[in-house]
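Here are my notes for you, in numbered points. Keep the 3D view open while you read.

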Amino acid sequence: MASPEVPISIAARLTRLAEVLAGTVGSAAGRLLLVVLSVAVGVLASKFLVRLIGRPVARRVSRQSVAQTIVRGVRVGTITVSLLVGLWVVGFRFADLLLGTAVFSAVIGIILAPLVGNFINGVFILADQPFEIGDMIELENGTTGFVEDITIRYTKIFTLDNTFLVVPNGTMRERDVTNYSAEDERTRRTIDVLVTYESDIDEARRLIERAARDCDAVIDGGPDIRVGVARYVASPDCRLHEFGDDGVLLRLRYWVKKPYKLAKVQSDVNTLIRERLADADVEMAYPHRHLVFDDTSGIARVGGPEDGRPEGERAGSKPDVTGRGTDAAEDGDPADSAPATSAPNDEESTAGANGPT
């Protein structure tokens, strides 16, 4: 029977304190000051509760993001309760607040819609566990970094460029996120190397695998790596992928120990591959084309412009298929200088008979 009297006595004391403040400073100012004092007490109480439950919650909850969310909820809840107690002590009627809220519900809904959406998506992120604090992730726009913090409203990412990126949970949940370190930090990478058909393919595969093994950050052997129900060779593996138009495509797959070294490791492996193949009977292929000219290819014109025409086609002169011209005016027969497969147009006939005008 003693426990119900404690809150009553506290409320009575607060009421008397409010009356004293109202009599000293004024009724409205005293009530406002009492509400502020109540909130200040709530802030101090929240800090005490956080210190009291912080470590036990961290030990019982395995996920750091969930533990931090619980601690934040206790802090915000304590301050909110203290505010409501302060309003209740000064005689604030919550029924009037509900009626007023109904009037402005549409406006408040429009203003708070993004905040409520982020809050709901934050709950889904904490429940679905797509990533955790400390994981290395990559967003669909290519931004890569470590998850620094996960709250109800936003996710904070510490990028590899030493910058902070704060993404609202509503946007974060709609994006495609690649998690490099959720369960295993080892990451497999792929490099394609195109060599000519005349190269020694077996030697090329051996040299490419050796180049990857010589890189310190690459796993050079050991037991197979399990991914789901599949198992993959841990050591670098180069295979003949396909026969292309310009050469044979070899595909190298290797495993990197740490995900944040992917770019540097790929550069080192590419450098070693180039050095190994340069000293061997292996030529790296590149796109090229052969152009073949024969009797059906038409007339080759060589030289610079003269009177608006190429140098090899002077007025009254026709080049043959070998690129050498014959003077139609001297021969007296312009038809002999024209190709047998095409008839000259009017301009060419006039130039061949009469010379330049």
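1. Start with a word you'll need: a residue is buried when its relative accessible area is under 20%, exposed when it is over 50%, and partly exposed in between (1.4 Å probe, protein chains only). This is a predicted model, where local features need pLDDT of at least 70, side-chain atom pairs count only at pLDDT 80 or more, and totals for chains, interfaces and linings use all residues. Numbering runs from 1 along each chain as its sequence is written, and side-chain values use heavy atoms, with hydrogens and water left out.

2. Of the chain's 357 residues, 28% count as buried. You'll find 11 helices and 14 strands; these are DSSP runs (helices H or I, at least four residues; strands E, at least two), numbered from the N terminus.

3. Now look at helix α7, residues 201–213.

4. Which residues of α7 are buried? They are I201, A204, L207, I208, E209, A211 and A212. These buried residues pack against β6, β9 (237–243), β10 (248–256) and α8 (262–278), with contact meaning heavy atoms within 4.5 Å.

5. Check the N-terminal end of α7 too: D200 caps it, with a side-chain oxygen 3.4 Å from the backbone nitrogen of D202.

Conventions
The expected span of a helix is 1.5 Å times one less than its number of residues. A polar contact is a pair of N or O atoms within 3.5 Å; within protein, one must be able to donate a hydrogen and the other to accept it, and residues adjacent in sequence count only if both atoms are side-chain atoms.
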